[in-house]
Amino acid sequence: MTAALISRGKGRRAAAALGAVTLGLLTLSACQQPTSLATVTVGTKTVTAEVTPGCDGDGKSLDKQAVQSCIAKKGAETITVRPGERVRVGVDPKVAKVGWFVVGGGPVMSAPSTDTYRTFSTDELFKAMNPATGQSESLPEVTLMVAEAGKAQGAGPMALWHFNLKLKD
């Protein structure tokens, strides 16, 4: 009789442990993976953002319509920059492994980078080409886009992060 009580107790504990593990796995499977972060630092101020909503291809290149929609978006975070200051942009190592690039007032990188951070001058980021005159001009503010490069040659970006940069007089 003692053996029957002991085995019933072990069975209950085993069933309870199995139930706890199953519940834990169900809870974890319901959670989404966190998106990668991009960070912009100017002086001592740092802002961090997740992928802009609607601009995450979930490991695949965004289609042309999504890219056009994403280009028009603004960042949730704004950071003020003084002329001559350096702007440091960083990405998650997983993004760096694939490659990434930055767009300010216009393209500022000739090829995707595999570094986890890069430094840019305000002159690079706030410069835009006037299509009517062909002259470059300095903008008072820009939406800085950080883009995860597509895996295939010539593919569109897989994700975009947006930051608002404002030039302080």
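Which residue in β2 is the bridge partner of V42?

A: The bridge partner of V42 in β2 is K45, with the caution that this is a predicted model. This pair belongs to the contact between β1, which covers residues 37–42, and β2, where the two strands run in the antiparallel sense and are joined over 6 bridges.

The pair of strands is part of an open sheet of 4 strands, which follow one another in the order β2-β1-β4-β6 with antiparallel pairing. Because β2 (45–50) and β6 (117–121) each have a single partner strand, they stand at the edges of this sheet, and one side of each is left without a neighbour there. From one strand to the next, the sheet twists by 20° on average. K45 therefore sits in an edge strand, β2 being one of the two that have a single partner.

The angle about the S-S bond is -115°, which gives the link of C55 and C70 a left-handed form. C55 lies in the loop between β2 and α2 (64–71), while C70 is within helix α2, so the bond ties together parts that are 15 residues apart in sequence. Both cysteines are shielded in the model: C55 is buried with a relative accessible area of 0%, and C70 is buried with a relative accessible area of 1%.

Another open sheet has 4 strands in the order β3-β10-β9-β5, and here the pairing is mixed. Its edge strands are β3 (78–81) and β5 (100–103), each of which pairs on one side only. Neighbouring strands in this sheet are turned against each other by 25° on average, direction ignored.

Of its 169 residues, 34% count as buried, and the chain exposes about 10800 Å², of which carbon and sulfur atoms supply 55%. Among contacts between residues at least 6 apart in sequence, 61% join residues at least 24 apart.

Some care is needed over how far each part of the model can be read. The mean pLDDT of the chain is 83, and 79% of its residues reach 70 or more. Among the elements, strand β4 (residues 86–91), which is one of the strands in the sheet that holds β1 and β2, has the highest mean pLDDT at 97, whereas helix α1 (residues 2–30) has the lowest at 49. Over residues 14–30 the pLDDT stays under 50, and the model has 0 contacts beyond four places in sequence for that stretch.

Terms used: Residues are numbered from 1 along each chain as its sequence is written. This is a predicted model: local features need pLDDT of at least 70, side-chain atom pairs count only at pLDDT 80 or more; totals for chains, interfaces and linings use all residues. Side-chain values use heavy atoms; hydrogens and water are left out. Two strands pair if DSSP finds at least two bridges between them. Axes are lines fitted to C-alpha atoms, for helices over the stretch in contact, and angles run from 0 to 180 degrees between N-to-C directions. Buried means under 20% relative accessible area, exposed over 50%, partly exposed in between (1.4 Å probe, protein chains only). Contact means heavy atoms within 4.5 Å. Accessible areas come from the Shrake-Rupley method with a 1.4 Å probe; for residues, only the protein chains shown count as cover. A disulfide is a pair of cysteine sulfur atoms within 2.5 Å. pLDDT is the predictor's confidence in each residue, from 0 to 100.
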